[in-house]
Amino acid sequence: MEPRAHPAIISIENVTYTYPGTSQPALKDFSLHVEEGEFLLVVGASGAGKSTMLRLVNGLVPHFYGGELSGGVQVAGRDPVEVGPGEMSDTAGMVFQDPEAQFVAEVVEDEMAFAMENAGLPLNVMRRRVEEALHALGIEHLRGRRVNTLSGGEKQRVAIASVLTLQPQVLVLDEPTSQLDPQSAEEVLDALVKLNKDLGLTVILSEHRLERVVQHADRIVYMEQGRPAVIGEPREVLATIPLAPPLVQVGKLMGWTPLPLSIKEARKFARAGPGVRGQGSGV
Ligand code: ADP
Ligand code: MG
């Protein structure tokens, strides 16, 4: 094997996992390595195993769900299968679709302090970390608000900030924008891109609004029937899989190469006119 450029922060080796009461495994001989600082986008049809894969990283699978698991998992030197989601929360922070379901307190600051209180952190550390997490998400102005008065995008950014107070090395998000309006979704996705770029946080994001994130992802994993069917750089993966944001679909139809991932990249093709297919187009 070739030496890796950076050590993997997440190693999943030949994991096969079956939920209780089901006959088909949700993950089949699944292997994946994620590098420190990587932004990994997880896509695939409903039922492909995206959520199951994310739950594996923080130990919810198999601890919370039960079932049968074989193979090995390591996240920042820890084994989530052994230690479970409680202990993993300061290593792999998890954010879900519905921010409301994760809230326990009424006011933003209290919500953010909750996990740290449980961890028994001293007050001065808690205060500093709340400030840092509010700042990282650009939500200092929300600190005193009641969570039930926030917009969906604000709630989800508070949920992310709360998870960050435990200073995890990895942030795992399972379709965090699926319940949000487009404006709110954009706020959340922009915040994630910033956390990855500015803080070097490793981000694993399962998402169906691809247009805001494909140009920022380092790699895309396309899941199919419990396996990483295609994995690689966004441009390569999007060229071969049936899912793509509208702009990329246009680019594929027009035979634009290299395939544009953003409006900025598409502009030169549009300017060149409909007859121009870019260099080396094999479409
Ligand atoms: P995705 O997130 O890509 O939609 P999931 O990981 O939720 O896929 O599901 C993968 C497979 O596991 C599907 O066949 C689904 O029905 C099954 N599954 C998911 N959650 C459970 C559960 N809690 N109990 C039993 N089967 C489940
Ligand atoms: Mg899912």
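The model is predicted, so local features need pLDDT of at least 70, side-chain atom pairs count only at pLDDT 80 or more, and totals for chains, interfaces and linings use all residues. Residues are numbered from 1 along each chain as its sequence is written, chains are lettered from A and ligands numbered from 1 in the order written, and side-chain values use heavy atoms, without hydrogens and water.

Student: At what angle do the axes of α5 and α6 cross?
Tutor: Helices (H or I, at least four residues) and strands (E, at least two) are DSSP runs, numbered from the N terminus. Axes are lines fitted to C-alpha atoms, for helices over the stretch in contact, and angles run from 0 to 180 degrees between N-to-C directions. Helix α5 covers residues 108-118 and helix α6 covers 123-136; their axes come within 10 Å and cross at roughly 125°.

Student: What is the word for that orientation of α5 and α6?
Tutor: Angles under 35 degrees are roughly parallel, over 145 roughly antiparallel, 65 to 115 roughly perpendicular, and the rest oblique. The axes cross at roughly 125°. α5 and α6 are therefore oblique.

Student: How many charged residues are in the contact of α5 with α6?
Tutor: Contact means heavy atoms within 4.5 Å. On the α5 side are V108, E109, M112, A113, M116 and E117; α6 gives M126, R129, V130, A133 and L134. Ala, Val, Leu, Ile, Met, Phe, Trp, Tyr, Cys and Pro count as nonpolar, Asp, Glu, Lys and Arg as charged, and the others, Gly among them, as polar. The contact has 8 nonpolar residues, no polar ones, and a charged count of 3.

Student: Which residues of α7 touch α5?
Tutor: The axes of α5 and α7 come within 8 Å and cross at roughly 35°. V108, E111 and M112 make the contact from α5. From α7 come V158, A161 and S162.

Student: Is K155 buried or exposed?
Tutor: K155 sits in helix α7, residues 152-164. Among its contacts beyond four places in sequence are P99, E100 and F103. Its relative accessibility is 11%, so K155 counts as buried.

Student: Which residue does a cis peptide bond join to T257?
Tutor: The omega of this bond is about -10°. The residue sits in the loop between α10 (246-254) and α11 (263-272). It is P258.

Student: What is the relative accessible area of N14?
Tutor: N14 is found in strand β1, residues 8-18. Its phi is positive, about 50°, although N14 is not a glycine. N14 is partly exposed, because its relative accessible area is 41%.

Methods: Buried means under 20% relative accessible area, exposed over 50%, partly exposed in between (1.4 Å probe, protein chains only).
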